Amino acid sequence: MDAVIRTEELTKRFGDRIAVDRINLEVHPGEIFGFLGPNGAGKTTTIGMLLGLIRPTSGRAFVFGCDIQREAAAALREVGAMIEAPAFYPYLSGRDNLRVLARAAGLPDRRVEEVLAQVDLTARARDRFSAYSQGMKQRLGIAAALLHEPRLIMLDEPTNGLDPAGQLEIRNLVRSLSGSGRTVFLCSHLLHEVEQVCQRVAILKQGRIIAQGEVAALLRRGVLVRTIGERERAETLLRSTPWVSRISEYGDAFLIDAPGDRTADINALLTAGGVPVAEIRHYETSLEEFFLEVTAERER
Amino acid sequence: MINLIRAEWVKLSRRPLSWILLTIFLVLLVVQVLVQFALTVGMPVRSGIVSAQFEEWRRGILFPGIFATALSHVNGLGGIFAVIFAAGAIGSEYSWGTLRTHLARDPLRDRYLLAKLATIMLTLAVATLLSVALASLLGVILAPLLGASMSVAPGDLINLIVGILRALYVLLPYILLTAYATLLTRSLLGGLAVGLSYIIVETGFGALALLRVLGGVWALAYNLTIGQNINTLTLMNRHAFGLRPETTAPLDLSQLPSPLQATLVVAVYSALFLFLSLRLFRTRDIAGPG
């Protein structure tokens, strides 16, 4: 499967500061890929390099197999992007702003009306961009990204400044884009947002990728067991069962990679083995907990 | 390229700043013509240099001299307006962040910048045509009041076309210098400051003219400045329509560069500023607004 986005040791320095440090990314066709990180982690710089706006200090970036430094026009032909805050001409209406972009790309005005409808902005299309609410600006930014029917859409913090209803609306829109076969590269610092819509994520911190993979694989799901003493015997008993794939210490408890419906079996096993159980329950980390965990590990 | 120019045209023609600048520019042209008219009809008969000056003003508001008045307005005050317009057209793309919106879709930066510069020149051409049209209208109104005819020879119309092209050519190095400064500073104000400063230094304070007094290499250097060569070209526009500013102003024609040198020097400056602008724009990071 050819990657839609692939980077090789991509690096950007601004003077002495390393904004992006040797990152290797791979985004597959049709997926919603979350690019996570706190503000200032290097997400926007990475998007800038993927879009040819910022020149890498070293390393390479490929979009649809084309080297962005050498074949930018071919690489970006099927890419739509909204970077940072939606940027448009304040004195033009939403519709005219899209028409400017459509004319530059040689697209018919009909396409402008279609994307306005897609993001539910038709009723306010005649209003000036400067009079738009933050949510309307975000939606216009997404409409602009969709204008030329790209196969890859890069959205940088698309729910910034939106109320919960607006955030839900954007999340649904992102899901529908992916449903229509497009690849979405979603940049965000909102972990719950990424967790809800993305299949795979990369977590960036201080310019470096500290975790990358499927959301389901990164999140720990299993059974949490806290015993009263007898930890060694408990561990031996648990390791003897075929449905326990991994045991790790979690504070004063164990975190066991096992199906959630095995809770009663684990309890019976330990009790029969003479290990008193203080607590046993199904456990699932959120992306937020995972993020805090991996970023804390990096700091140690 | 044509698509980009069409898009740029929508942006510039819908922008309030364009209309504000055009309105002020045309109002100032009307004021200039009316002041010349008032001075011509309201003053008693004079003799000598004063009489020549009044006669020059009178010719400047009658056909075909009114064309020269319009074109010298374009190359005079119009230069300042053109610099403001160009700095606004390029610098606002940085301040609004719209540059990254465009370049993320179409990464061919040379093409984008050339389309923008072409559209700026196209807009200035429209402004020049409007000023010529307005001046002509004023000429039609004022000629009967001064008891003059409104005859325009076919040769005057050819001169007018050449004159319009020459007036736009004269604006070119200032526009490109402003473009370069705006790209360098990534700001409207930066471009404006450099563009206007150069015009002010050249015309307002006459600081560069001091070089000529020093003679030798300095005089040669002065003769290679933009302003000195542009003086030759703007004077050609006045002469083409029967005006003789050298009869009323301390202007030594022998000190001016030849038309050929003037044309070449303006071309070299324009090419240099265009090359620097393209090279800078091609290699620079477009990092966020501002």
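This is a predicted model: local features need pLDDT of at least 70, side-chain atom pairs count only at pLDDT 80 or more; totals for chains, interfaces and linings use all residues.
**Overall fold**

Chain B contains 13 helices and 0 strands.

The C-alpha trace of chain B spans about 65 × 50 × 30 Å along its principal axes. Of the 290 residues in chain B, 44% are buried. Taking contacts in chain B between residues at least 6 apart in sequence, 79% join residues at least 24 apart.

**Helices α4 and α12**

Two packed helices are described by the angle between their axes and the distance between the axes. For α4 and α12 of chain B, the angle is about 165 degrees and the axes are 9 Å apart. Angles over 145 degrees count as roughly antiparallel, so α4(B) is roughly antiparallel to α12(B). The crossing of α4(B) with α12(B) is left-handed.

| Helix | Residue range | Residues in the contact |
|---|---|---|
| α4(B) | residues 65-75 | B:A68, B:L71, B:S72, B:N75 |
| α12(B) | residues 226-240 | B:T234, B:N237, B:R238 |

What kinds of residue form the contact of α4(B) with α12(B)? They divide into 2 nonpolar, 4 polar and 1 charged.

Notes:
Residues are numbered from 1 along each chain as its sequence is written. Chains are lettered from A and ligands numbered from 1 in the order in which they are written. Helices (H or I, at least four residues) and strands (E, at least two) are DSSP runs, numbered from the N terminus. A residue is buried if 20 or more other C-beta atoms lie within 10 Å of its own, exposed if 12 or fewer, and partly exposed in between; C-beta atoms are placed from the backbone. Two residues are in contact if their C-beta atoms, placed from the backbone, lie within 7 Å. Axes are lines fitted to C-alpha atoms, for helices over the stretch in contact, and angles run from 0 to 180 degrees between N-to-C directions. Angles under 35 degrees count as roughly parallel, over 145 as roughly antiparallel, 65 to 115 as roughly perpendicular and the rest as oblique. A crossing is left-handed if the near helix is turned anticlockwise from the far one by less than a right angle, and right-handed if clockwise. Ala, Val, Leu, Ile, Met, Phe, Trp, Tyr, Cys and Pro count as nonpolar, Asp, Glu, Lys and Arg as charged, and the others, Gly among them, as polar.
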